[in-house]
Amino acid sequence: MRLPLLLISLPLLALLTDVYLFRRHLRHAPRWLKVLWWSLTGVVLVAVSLAVLFQVKFRGTIDINVAMWAFYAFFLVYMPKWFYSILSLFDYLPHLWHKPRSRWGHIVGSALALFVAASILYGAFYARQHPVYNERTISFDRLPEGFDGYRIVQFSDLHIETLGSAGRYLPEWVDRINSLHPDLIVFTGDLVNRQGGELPPFMDELSRLSATDGVYSVLGNHDYGDYYHWTSPADQAKTLQKLIADEGHMGWHMLNNRSVYLHRGNDSIALIGVENWGMPPFPQYGRLNEAYPARNDSTFKILLSHNPLHWRHEVIPRTNIDLTLSGHTHAMQLKLGWKGFEYSLAEPMYPEWSGLYVAPDGHHKLYVNEGIGCVFLPIRIGARPEITIITLKKDS
C-alpha cells in the first residue's frame, strides 16, 4: 500500500470507529471520560502515523521495534473495536420494521471483542516466544539406505532485529535443538530483518548450534538489506558480504548457489542451496543451474530455497529434486482453523504456505517452515514460531 493511502486510511477508519462508539455509548458520559476517550484516540493515531511515516519514508531512522509496538498498540486498541462495531450495527436492523433496537449485536460483539483482545495479547506475550517443535517423517523411494532415519532440524526467518524480548529465549531454543542430536541443521533464510549489522550480538549463541554434518544456510529476501535506508549501494554490498562472513565465523556453511555432498558409508546425497528466488517485488538471485548443473541426475537431492514459490515455478517442472525446504511465508503470523483444516491470509499469494506438500507426480516434496521471527507486528496468532524435525525414511 502506498504511503499516503496508508497514512490516511488507517487513522480515518479508526476515527470513524471512535465516533460511532462515542455516539452509541459515551454521549452522556461524564466530561472527564469523554476527554480521556479522545485523548487516548489522539495518542494512538499520532503514534501509528509516525510509525508508518518513519519506517516507510525514512527507513532505519528509528528502532524497528518502536514502530512494531506502535502498530501493535494500534491493532490491540482498534481490532476489538472493529469487530464489536460491525456486529453491533446489526442491533439497528429492527428499526427497519419500526421495532426497538436489539441488544444481541452488542452482547455478541462484546464477547468477540474480548476474545480478539485476548488473542492479540496472547500472540504477543506468549505465542511468539514459545516455538512448537514439529516432528515430520517424510518417505522417499530414492533415498539411499545409509540415510534411512536421517534427522534434519530446519528453522527459518529469525528476523533477529525484531526478536526484542523474545531474544532472551534464544539460548533455550539453541539448547533444545542441540538436544535433538540432529544429523543436519538447516536455516532457510531471513536471518536478519533489515541489515547484517543486527547479527553480531547473537553470534556467540547461534554458533553453539551443533549437528553431525554441520549447519547450512541460505539467504532470504530480508538478508540483502533492500528494506534499509543506505547512504550508498557500496555500503549495502559491504554489509551483505559481512553478514555472509559472520555466518561463516559462526561455523555455518552458506550455500549461495552451490551444493555439497553428505555421506553415510558408501551412500551420498546432494544438499543444494540457492540465493533468494522470489516473484516480484522480491529479489530473484537464485541460480539453480549454477548451484547444481545436473538437476535431473540419479542422486537424491535436498534443496534449500527461501521462497516456496520456487518449488512450483522451477523445481517441479525442470528438476527431479526430491525434497525442497523453504520458509518466508510466516503463515502471515495468523493461522485460523484446526487440525485437518487451516487457513492463512498467506494462501492467496502462496499456494504452499505451511507444512508438507507433495506434487501431483508423487516425487517432488516441499516442506514450508513457518519461521520464528516477526515482521510488521510482534505477534503470532495460531502460527506459533516453528522448529521442524524432519526424519527421512526409505520406502520399503
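Author: Here is a short tour of those topics. This is a predicted model, where local features need pLDDT of at least 70, side-chain atom pairs count only at pLDDT 80 or more, and totals for chains, interfaces and linings use all residues. Residues are numbered from 1 along each chain as its sequence is written, and side-chain values use heavy atoms, with hydrogens and water left out.

Reader: How many residues are in the largest nonpolar core?

Author: It has 34 residues, and Trp173 and Trp252 are among those with the most contacts inside it. Such a core is a set of buried Ala, Val, Leu, Ile, Met, Phe, Trp, Tyr and Cys residues joined through side-chain atoms within 4.5 Å. Buried means under 20% relative accessible area, with a 1.4 Å probe and protein chains only.

Reader: Which element gives the most to this core?

Author: α5, with four residues. Helices here are DSSP runs of H or I, at least four residues, and strands are E runs of at least two, numbered from the N terminus.

Reader: Which residues of α5 are buried?

Author: Leu170, Trp173, Val174, Ile177 and Asn178. They cover an arc of only 130 degrees around the axis, so they sit on the same side of α5. The arc is taken from the directions from the helix axis to the C-beta atoms.

Reader: What do they pack against?

Author: The buried residues of α5 pack against β1, β2, β3, α6 and β14. Contact means heavy atoms within 4.5 Å.

Reader: Switching topic. What classes line the second largest pocket?

Author: Seven nonpolar, five polar and seven charged residues. Ala, Val, Leu, Ile, Met, Phe, Trp, Tyr, Cys and Pro count as nonpolar, Asp, Glu, Lys and Arg as charged, and the others as polar.

Terms used:
Buried < 20%, exposed > 50% of the residue type's maximum accessible area, 1.4 Å probe, protein only.
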